[in-house]
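Reader: Hi! Could you walk me through this one?
Author: Happy to, here it comes.

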Amino acid sequence: MLLITCPVCGNVGDETDFHYGGQAHIARPASANPADVSDEAQRDYLYVRLNPKGLHFERWRCDRGCGKWFHMARDTVTMSIKAYYPITEKPPREIIAEIPPTNPWYGVFDESQAGDGGAR
């Protein structure tokens, strides 16, 4: 069982009090003209997801509290929660530094864009 704390309203509950929103940091192919988006880019946006053993970045929604979405960094092996951070931010620098080279998240985040809050 995951014991989750909403970083927005402070609501604490198990995972049934929250809604899992899938992988975090998925960018929609940017274009004013949909014809400019390749089939591969659209396929990747809709279907391709990372499935790491270890540190993973996820979206969660606080269902029984404020209803806001937030990001969570979680270890999929130990089920330990490493950090919560706002939905519009990158993970905290110290969490990015923990990503091992064998994890598919390695190199995804530019360190200069990392957030500086939310670590626990």
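Author: A quick term to start: strands (E, at least two residues) and helices (H or I, at least four residues) are DSSP runs, numbered from the N terminus. This is a predicted model, where local features need pLDDT of at least 70, side-chain atom pairs count only at pLDDT 80 or more, and totals for chains, interfaces and linings use all residues. Residues are numbered from 1 along each chain as its sequence is written, and side-chain values use heavy atoms, with hydrogens and water left out.

Reader: Thanks! Where does Gln-23 sit?
Author: Gln-23 belongs to strand 3.

Reader: And what is its bridge partner in strand 4?
Author: Glu-58 is the partner of Gln-23 there. Strands 3 and 4 (residues 55–62) run antiparallel and are joined by four bridges; two strands pair if DSSP finds at least two bridges between them.

Reader: Is Gln-23 buried or exposed?
Author: Gln-23 is buried, at 11% relative accessibility (buried means under 20% relative accessible area, exposed over 50%, partly exposed in between, with a 1.4 Å probe and protein chains only).

Reader: Switching topic: what is the strand order in the open sheet?
Author: The four strands are ordered 3-4-5-6, with antiparallel pairing. Strand 3 (18–23) and strand 6 (81–86) are at the edges with a single partner strand each, so one side of each has no neighbour in the sheet.
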